[in-house]
Amino acid sequence: MTNARTRQVEPMLARDDGPAPEVSISKDMIKRGLFVAPLLVALCGVIWGLDGVWSSMYAIAIVLVNFALAAGLVASTARISLGLMMGAVLFGYLIRLALIFLAVFLVRDADWISLPALGATIIVTHLGLLLWELKFVAISLAHPGLKPARP
Amino acid sequence: MEAFSYLAALTGDEEKAAQAASSAGFAYGLAAIGPGIGIGYLVGKSVEAMARQPEAAGMVRTTMFLGIAFTEALALIGFVVFILIGL
């Protein structure tokens with residue numbers, strides 16, 4: 001709530017009705033993830049065989065769904081209040097970790113799973129997509145007039 | 001007490017497997033605590049910044065989201081170590 005006389009803003013009650021940048025960031029990362037997925041899958045296939053192919057596809061799906069869930073959670077709750085967004089991000093972190101654990105736990109004994117391929121793909125995809133996106137975001141923030149071309 | 005008697009009855013290999021599983025779970029728990037604190041601090045400061053300067057909210061949310069994802073990468077690395085050792 002904004003007090004007009006003192007311009008004091010209560011952070012937890014404020015809200016952000018503007019556009020949701022995290023949704024566009026997430027969409028960009030998902031597009032790039034799908035773009036590089038064949039390369040990662042092929043690499044895992046060379047190293048770990050057919051099990052590596054299925055495991056890396058599963059890991060890429062986990063990472064992309066995780067990004068989409070995180071962005072959707074922030075975007076939907078920031079319109080209501082920033083306090084709710086804060087709570088949703090914190091509990092969302094726990095819930096998403098639990099969902100990832102569940103997703104891996106359910107297939108751990110499947111005959112097509114290769115845990116090293118799954119783990120390596122999760123880390124490489126997550127960090128790689130973030131660093132790739134960071135490059136575009138950093139350029140956009142430093143030079144707002146010179147937006148780089150999006151894929 | 002039943003759990004202790006079960007642990008005492010384990011053979012060498014079973015004991016090693018039990019120790020690996022419990023260590024992996026402990027490591028995953030530790031790996032999740034740090035990012036949890038980091039995300040809480042990050043989002044708290046971002047909310048303050050957005051409330052203080054609503055015109056910069058887009059930029060703050062952009063960097064906040066990337067910060068959350070980078071911090072979460074630490075937990076994911078801990079999780080991968082957990083699945084490689086403990087599952």
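These legends walk through several close-up views of a predicted model.

**View 1. Chain A is built from helices.**
Start with the overall layout of chain A, which has 3 helices and 0 strands. Follow the chain along its sequence and you'll read the pattern α-α-α. Chain A has 151 residues, and 42% of them count as buried. Now think about which parts of the chain touch each other: among contacts in chain A between residues at least 6 apart in sequence, 73% join residues at least 24 apart.

**View 2. Helix α3 of chain A meets helix α3 of chain B.**
Here we look at residues 115-142 of chain A, which form its α3, next to residues 57-85 of chain B, which form the α3 of that chain. The two axes are 10 Å apart, and the packing angle is about 165°. How are these two helices oriented to each other, roughly parallel or roughly antiparallel? Angles over 145 degrees count as roughly antiparallel, so α3(A) and α3(B) are roughly antiparallel. The crossing of α3(A) past α3(B) is left-handed. As for who takes part, the contact of α3(A) with α3(B) involves 21 nonpolar, 4 polar and 2 charged residues.

**View 3. The α2 helices of the two chains pack together.**
This view puts α2(A) beside α2(B), with the axes 9 Å apart and an angle of about 155° between them. That makes α2(A) and α2(B) roughly antiparallel, too. What is the handedness of the crossing of α2(A) and α2(B), left or right? The crossing of α2(A) and α2(B) is right-handed. On the chain A side, the residues making the contact include Met85(A), Met86(A), Val89(A), Tyr93(A) and Phe101(A). On the chain B side, look for residues including Tyr28(B), Pro35(B), Gly40(B), Val43(B) and Met50(B). By class, the contact of α2(A) with α2(B) has 16 nonpolar residues, 3 polar ones and no charged ones.

**View 4. Two helices of chain B run side by side.**
Now stay within chain B and compare α2(B) with α3(B). Their axes are 8 Å apart and they pack at an angle of about 175°. With an angle like that, α2(B) and α3(B) are roughly antiparallel to each other. The contact of α2(B) with α3(B) splits into 19 nonpolar, 6 polar and 1 charged residues. While you're here, find Lys45(B), which sits in helix α2 of chain B. Is Lys45(B) buried or partly exposed? Its relative accessible area is 42%, so Lys45(B) is partly exposed. Lys45(B) and Val60(B) lie 15 residues apart in sequence, and their C-alpha atoms are 9.7 Å apart.

**View 5. The largest nonpolar core draws on both chains.**
Zoom in on the largest nonpolar core, a set of 55 residues. Which of them touch the most other members? They are Met85(A), Leu118(A) and Val43(B). At least two residues of this core come from each of α1, α2 and α3 of chain A, and from each of α2 and α3 of chain B. The largest share belongs to α1(A), with 15 residues. Val43(B) is a handy one to trace: beyond its neighbours within four places in sequence, Val43(B) is in contact with Met85(A), Met86(A) and Val89(A) from chain A, plus Met64(B) and Ile68(B) from chain B.

**View 6. Ala75(A) is tucked into helix α1.**
Ala75(A) is part of helix α1 of chain A. With a relative accessibility of 7%, Ala75(A) counts as buried. Not counting residues up to four places away in sequence, Ala75(A) touches Ala20(A), Glu22(A), Val23(A) and, from chain B, Arg61(B). Gly18(A) is 57 residues from Ala75(A) in sequence, with 9.8 Å between the C-alpha atoms.

Gly83(A) belongs to helix α2 of chain A. Leaving out residues up to four places away in sequence, Gly83(A) touches Pro11(A) and Met12(A). Its C-alpha atom is 7.8 Å from that of Ala14(A), which is 69 residues away along the chain. Ser114(A), meanwhile, sits in the loop between α2 and α3 of chain A. Is Ser114(A) buried or exposed? Its relative accessible area is 9%, so Ser114(A) is buried. With residues up to four places away in sequence left out, Ser114(A) touches Trp48(A), Asp51(A), Gly52(A) and Ser55(A).

Note on methods:
Residues numbered from 1 in each chain as written. Chains lettered and ligands numbered in written order. Predicted model: local features only at pLDDT ≥ 70, side-chain atom pairs only at ≥ 80, totals over all residues. Heavy atoms only, no water. Axes fitted to C-alpha atoms, helices over the stretch in contact; angles between N-to-C directions. Helix = DSSP H or I, 4+ residues; strand = E, 2+ residues; numbered from the N terminus. Parallel < 35°, antiparallel > 145°, perpendicular 65-115°, else oblique. Left-handed = near helix turned anticlockwise from the far one by under 90°. Nonpolar A, V, L, I, M, F, W, Y, C, P; charged D, E, K, R; others polar. Core = buried A, V, L, I, M, F, W, Y, C linked by side-chain atoms within 4.5 Å. Buried < 20%, exposed > 50% of the residue type's maximum accessible area, 1.4 Å probe, protein only. Contact = heavy atoms within 4.5 Å.
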